[in-house]
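Me: I'm new to this one and would like a close look at a single part: the place where two neighbouring parts of the chain meet. Could you walk me through it?

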Amino acid sequence: MDMTNPGRWYPTARTIKRNVHLHVGPTNSGKTWNALQRLKEAESGVYCSPLRLLAWEVAEGLNKKDNLPCDLVTGQEKSRAQNARHVACTVEMADVHKMREIGVIDEGHLMGDAHRGYAFTRALIGLPVKELHVCGDPAMVPLVEKIVAELGDTLTINRYDRLQELNVIETPLKSLKDVEAGDCLVAFSRKAVHQLKDQVEREAGKRACIIYGSLPPEARSKQAELFNNREESGYDVLIASDAIGMGLNLSIRRVIFASMRKFDGEFLRNLEPPEVKQIAGRAGRYGKGSTEGGATTMSADTLPLMKAALAAPVVDLTRCSIAPTLDQIALYCEAKPDAGLVAALSAFTSDAKTSPHYFMNAAEQMTDAAKLVAHLPLSLEDHWMFAVAPVSVADPSSPSARALVTFAEAFVKRGRVSVRIIDSPPMRAPATLAELDVHEQSHAAYDLYLWFSLRCPEVFPERDLAQAMRQMCA
């Protein structure tokens, strides 16, 4: 399986000589802002976001503030604006067939991520635009230089400095009683976030907002709004996970690390320097009311770790992720009639030949999902759809895994999937962590239903009800 020249997979982009503009620098340096200014000037354009919330923010800004019609396209939602020639989308939803004047890829350095990186690489290589603006960490510069030269495009590199100084606070937070308005305390699990919230409200007497990864996007946006408008809302403090590292413009004065270790799904490990820089850099956000930013820890023992991470040199990206397309999977299965999707995914992961600056994406999640529904009589195309659904199924007994299997079984048996097969949560605000867990699980199931409804609206027809139920959980 020859995967050495992914540029050939995108013939529309290869018909033009693109001008690629890199915008690189630390957080809060104006990289994305400058790229978006060029997008606004263009007759047509696409903004590719790492997060739904960011795509929503850009579409909302173009439509309402700039009076520039812009569509919104995510895995779960398509919102069309009249006469729109611009679109804000999650990077996985980028259209590599439609020609546009300008493209913007935010957080482009994520092309090196083993799980989602392939989508950023696909956008970098495959967007058919006259100008492509890629924003992110300086670590990606040598890799992008190599890829752009290989594709025959031109490259301009724009380097940025931080707009407001990030100060390393030399003393740790002595006590939660010393928490001040505008502080953000960072922990790395949902349980730790909620515990800190309770402690801050009890010991410091300040109301706290919370943001973490599994919190529904609508709730995250509302919590961010309460924190940013703290003089009116009365919510002075933010307790968050590393989910604040991307997106969500937040008016943070100080970032305070409650821990310098996180569980990454396999191991409890120290934070990597890029992670520390990304999170600490959220302090002192330019234009958000905080004139300076500072970072510290809650423990004297961990302060040296934070300081060392912030001072660490940039480590260049050397490879980016690619993934097989459904067409490539189908060709493999035609050549090996006894092989199904699971075998094909395994073969591409282990046997594909790539160039030195590319690597095959980690397909464990896709493979796990494919195995979960492999007992069902699905066509290759339908099996692929269930395998690429945005759901974690590492634990086959988890609620998300059960929801995927339930949808797939109804898809096969009845040819119509009702949203009512999802267990709805109690019709009241959650009062405990256990009840909150139920709400979040239900929200994820409704979210998954909406994802399928965009791809198979005849089989998943109750989209409006699913949106209403998801909103109730948020």
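Reply: Happy to! Domain bounds here come from an automatic or database domain assignment. For this predicted model, that assignment divides the protein chain into domain 1 (2–159), domain 2 (167–311) and domain 3 (320–473). Let's look at how domain 1 meets domain 2.

Start with the overall placement: 29 Å separates the C-alpha centres of domain 1 and domain 2. Where they touch, domain 1 brings 10 residues to the contact and domain 2 brings 15 residues.

Now for the area. The size of an interface is often given as the accessible area lost when the parts come together. For domain 1 and domain 2, about 1,000 Å² is buried between them, and 58% of that lies on carbon and sulfur atoms.

What about specific interactions? Between domain 1 and domain 2 there are zero salt bridges, while two residue pairs are in polar contact, both at pLDDT 80 or more. Sorted by class, the side of domain 1 that touches domain 2 consists of five nonpolar, two polar and three charged residues.

Alongside them, remember the two residue pairs in polar contact between domain 1 and domain 2 and the zero count for salt bridges.

Terms used
Residues numbered from 1 in each chain as written. Predicted model: local features only at pLDDT ≥ 70, side-chain atom pairs only at ≥ 80, totals over all residues. Heavy atoms only, no water. Contact = heavy atoms within 4.5 Å. Buried area = accessible area lost by both parts, 1.4 Å probe. Salt bridge = Lys/Arg side-chain N within 4 Å of Asp/Glu carboxyl O. Polar contact = N/O pair within 3.5 Å; in protein donor to acceptor, adjacent residues only side chain to side chain. Nonpolar A, V, L, I, M, F, W, Y, C, P; charged D, E, K, R; others polar.
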